[in-house]
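Me: I am new to this structure and would like to learn how to read its features one at a time. Can we start with the rings?

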Amino acid sequence: MTRLRMPKARPRAAASFVTGLVLPAVALAGCASRQQPRPATPDDVIKAATQRLTDACLARQGLNPQISAQSSQSATEERRVTDALFGAGRTELSVTLPTGYVVRAHSDGCLAAAQRRLYGDQPRWFRASVIVDNLKPEADRIHRSLAEVRDRHRTEIADWRRMRARALTAAATVLDTPPPTGEPQQ
């Protein structure tokens, strides 16, 4: 999952995004002793595993994902959740797209840890996924067909497919046998 650079004055937007991630997880997590039905699509499997890993990471930091999703929390608590989930400080990862947009992400938050666990190489996944997710805007910008742009990005598409297949396998493991402490495994 990638994140576009947001102005610092928009913590509510980040908190809303966090809420959008956390609330479905609460519904998916249920009772730990019950076997949950497997999500329907590969995207759903990866999202559910990402959610489970990020919830466990937040819990290890003393941030309850259920409570953090409530809108009545303080601005300080929202900031703690946002920083814990997405990382804090200067962004370590950056990709400049042919459209001129710069996409940045942290490598130190719970989401980054989940991506490392699922995809194996978070910086490489970040780069490949940002490029693959933006092929159509690139084609529009340079006035080329999508097929031509895909051909120019064969390496990134191959990386994306390989890492996504790895993530699907790792996600199935996370959902079938989650670590007791929620610790990401390397």
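Me: How many aromatic pairs does the structure hold?

Reply: This is a predicted model, and the structure holds two aromatic pairs.

Me: How is a pair of aromatic rings described?

Reply: By the distance of the centres and the angle of the planes. Take Tyr119 and Trp125: the ring centres are 3.8 Å apart and the planes meet at 10°, so this pair is stacked.

Me: Which parts of the chain does the pair of Trp125 and Trp160 tie together?

Reply: Trp125 belongs to helix H6 and Trp160 to helix H9, so the pair joins parts that are 35 residues apart in sequence. Through ring pairs, Tyr119, Trp125 and Trp160 are linked into a cluster.

Me: Is Trp125 buried or exposed?

Reply: The cut-off for buried is a relative accessible area under 20%. Trp125 has 4%, so Trp125 is buried. Tyr119, at 9%, is buried as well. Trp160 has 23% and counts as partly exposed.

Me: Where do nonpolar side chains tend to be in soluble globular proteins?

Reply: They tend to be buried together. In this model the largest nonpolar core has 16 residues, and the members that touch the most others are Ile46, Ala49, Leu118, Tyr119 and Ala171. Two or more residues come from each of H2, helix H5 (110-119), helix H6 (122-133) and helix H9 (154-176). H9 gives the most, with six residues.

Me: What is Ile46 in contact with, leaving aside its neighbours within four places in sequence?

Reply: Ile46 is in contact with Leu118, Tyr119, Arg164, Ala167, Leu168 and Ala171. Apart from this core lies another, of 13 residues, including Leu97, Val103, Ala105 and Ile157.

Me: Where is Thr54 found?

Reply: Thr54 is in helix H2, which covers residues 42-60. Its relative accessible area is 5%, so Thr54 is buried.

Me: Which residues does Thr54 touch, not counting those up to four places away in sequence?

Reply: Thr54 touches Leu85, Cys110, Leu111 and Ala114.

Note on methods
Residues numbered from 1 in each chain as written. Predicted model: local features only at pLDDT ≥ 70, side-chain atom pairs only at ≥ 80, totals over all residues. Heavy atoms only, no water. Helix = DSSP H or I, 4+ residues; strand = E, 2+ residues; numbered from the N terminus. Buried < 20%, exposed > 50% of the residue type's maximum accessible area, 1.4 Å probe, protein only. Contact = heavy atoms within 4.5 Å. Core = buried A, V, L, I, M, F, W, Y, C linked by side-chain atoms within 4.5 Å. Phe/Tyr/Trp six-rings, centres within 6.5 Å; stacked < 30°, edge-to-face > 60°.
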